[in-house]
Every structure is written in structure tokens, then in C-alpha cells.
Amino acid sequence: MNSNTRLQMILADTRINTVLPAIAQLNLPNWWLAGGAVRNTVWSSIFGNDCGLGIKDFDIAFFDIEGNRSQELAAKATLTEQFPDDEFDVKNQASFARWRLGSRPYTSTEDGITHWLHTATAVGVRLNAQGQWQFFTPYGLDDLFGGIIRPTPTHTHNLDAHNKASGFLQKCPYLRLA
């Protein structure tokens, strides 16, 4: 079985499979569900109940060079209405440099995700127009499946990446630093 199939099998019986179709209905340009929801769902599946990392929120990244904050807020409101017990963080990667001072502008959603803090966090899933799963895995899935916390090349010496890694280790002792 290839890595994408394994990832889909893990996520198919989780909250992610319930939320993905609703995200797809938003028709956000070039969207991906990525980040902690995907990572923590996989780690909880692999390491079990002793891994105390759950879904804090659903990170939805998209790219619209003409977009504005109201687009993000409207998408979040729609999802929150459908899933009132869940949190959603909807961010236009085209405006990243405006809300994260000192950062360069991203050229696509994939460019943004590739520069997230850790390789196991830089994993995106979505449904295409036919409802088929698609995957964006710029660093592959070995770190995700192996419980390895590795900073992406951009964040090798980033204190935030180190601090987040420490928090992951406290909640899930089966993880390893790279």
C-alpha cells in the first residue's frame, strides 16, 4: 500500500472525513486541509490514547491573490454553523505576509504549506470536484507515520519550531525529534 492510500485509510474513519466535504463546498481557490488536524489524527491513530494530541482546530489554507479577510471570516462562519463543536482556522496564503510580519509573500497554497514549521504538519488533504481524495506532501509521509518531529528547511533554527516540538513531546511520548 502506498503512503497516500495509508493516509486516506487512517483519515477516512475520523472527523476529517466528515468535515472535508463541507470544506469542498466552500469553493475556496486551491484549498487544502493541512496542519495539526491531519497530523494529530494520524499520530493518535498510530500511537493510541496515550498520545494526547487531538484536533484543536481545522487549518484550511487557500490562495486567492484578490481575496480579503472577509473571505476567510465567511468561510469560517459557514463551517462553524455546520460544525458548532469544532474550531476552524481559514487562512488565505496570498495574504500571509500581511498578518505574519517579516515573512515573504507566498506564491501558492502549496508554497505556504511547504514553509510551515514541521514536515509532519506540512501535509495537505482535500477532495477534488469528483469527491476523490488528493494529497499534498512536499516532504513525503515518513516523518508523519514515524512520529518524527522535524523542522522544515526554512525553520531548522526557529525557536517557535523547537518550542512546538517540546509541546508535542509532552503530550505524546512516542514521538521523536529529528
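# Legends to the close-up views

**View 1. Thr41 is buried, with a relative accessible area of 10%.** Buried stands for under 20% relative accessible area, exposed for over 50%, and partly exposed for the range in between (1.4 Å probe, protein chains only). The model is a predicted one, in which local features need pLDDT of at least 70 and side-chain atom pairs count only at pLDDT 80 or more, while totals for chains, interfaces and linings use all residues. Residues are numbered from 1 along each chain as its sequence is written, and side-chain values use heavy atoms, with hydrogens and water left out. Thr41 is part of helix α3; helices (H or I, at least four residues) and strands (E, at least two) are DSSP runs, numbered from the N terminus. Apart from neighbours within four places in sequence, the contacts of Thr41 (heavy atoms within 4.5 Å) are Ile10, Leu11, Thr14, Ile16, Gly36 and Ile55. Gly54 is 13 residues from Thr41 along the chain, and the C-alpha atoms of the two are separated by 6.6 Å.

**View 2. Helix α1 crosses helix α3 at roughly 85 degrees.** Helix α1 covers residues 3-12 and helix α3 covers residues 36-47, and their axes come within 10 Å. Axes are lines fitted to C-alpha atoms, for helices over the stretch in contact, and angles run from 0 to 180 degrees between N-to-C directions. On the α1 side the contact involves Arg6, Leu7, Ile10 and Leu11, which meet Val38, Thr41, Val42, Ser45 and Ile46 of α3. Sorted by class, the contact of α1 with α3 consists of six nonpolar, two polar and one charged residues. Nonpolar covers Ala, Val, Leu, Ile, Met, Phe, Trp, Tyr, Cys and Pro; charged covers Asp, Glu, Lys and Arg; the others, Gly among them, are polar. In an α-helix there are 3.6 residues a turn, so residues three or four places apart point the same way.

**View 3. Gly36 is a buried residue of helix α3.** The relative accessible area of Gly36 is 12%, which places it among buried residues, and helix α3 contains it. Beyond neighbours within four places in sequence, Gly36 is in contact with Thr41, Asp59 and Thr121. Lys56 is 20 residues from Gly36 in sequence and 7.4 Å from it in space, C-alpha to C-alpha.

**View 4. Leu33, in strand β1, is buried with a relative accessible area of 0%.** Setting aside neighbours within four places in sequence, Leu33 is in contact with Ile16, Leu20, Ile23, Val38, Phe58, Asp59, Ile60, Val123, Gly124 and Val125.

**View 5. Helix α2 is followed by Asn27, with a positive phi near 60 degrees.** Helix α2 spans residues 15-25, and its buried residues include Ile16, Val19, Leu20, Ala22, Ile23 and Ala24. Asn27 sits in the loop between α2 and β1 (32-34) and is exposed, with a relative accessible area of 65%. The phi of Asn27 is positive in a residue other than glycine. Asn30 lies in the loop between α2 and β1 as well. Asn30 is not a glycine either, and has a positive phi of about 50 degrees. With a relative accessible area of 28%, Asn30 is partly exposed.

**View 6. Gln82 belongs to helix α4 (residues 69-82).** The relative accessibility of Gln82 is 45%, which counts as partly exposed. Gln82 and Val19 are 63 residues apart along the chain, and their C-alpha atoms are separated by 9.2 Å.

**View 7. The protein chain as a whole has eight helices and seven strands.** Its C-alpha trace spans about 40 × 40 × 30 Å along the principal axes. The radius of gyration of the protein chain is 16 Å, in agreement with the value near 16 Å for a compact globule with 178 residues; the radius is taken over C-alpha atoms, and the globule rule is 2.2 Å times the number of residues to the power 0.38. Of the 178 residues, 48% count as buried. Among contacts with a separation of 6 or more, 70% come from residues 24 or more positions apart. The accessible surface of the protein chain is about 9100 Å², and 49% of it belongs to carbon and sulfur atoms (Shrake-Rupley method, 1.4 Å probe; for residues, only the protein chains shown count as cover).
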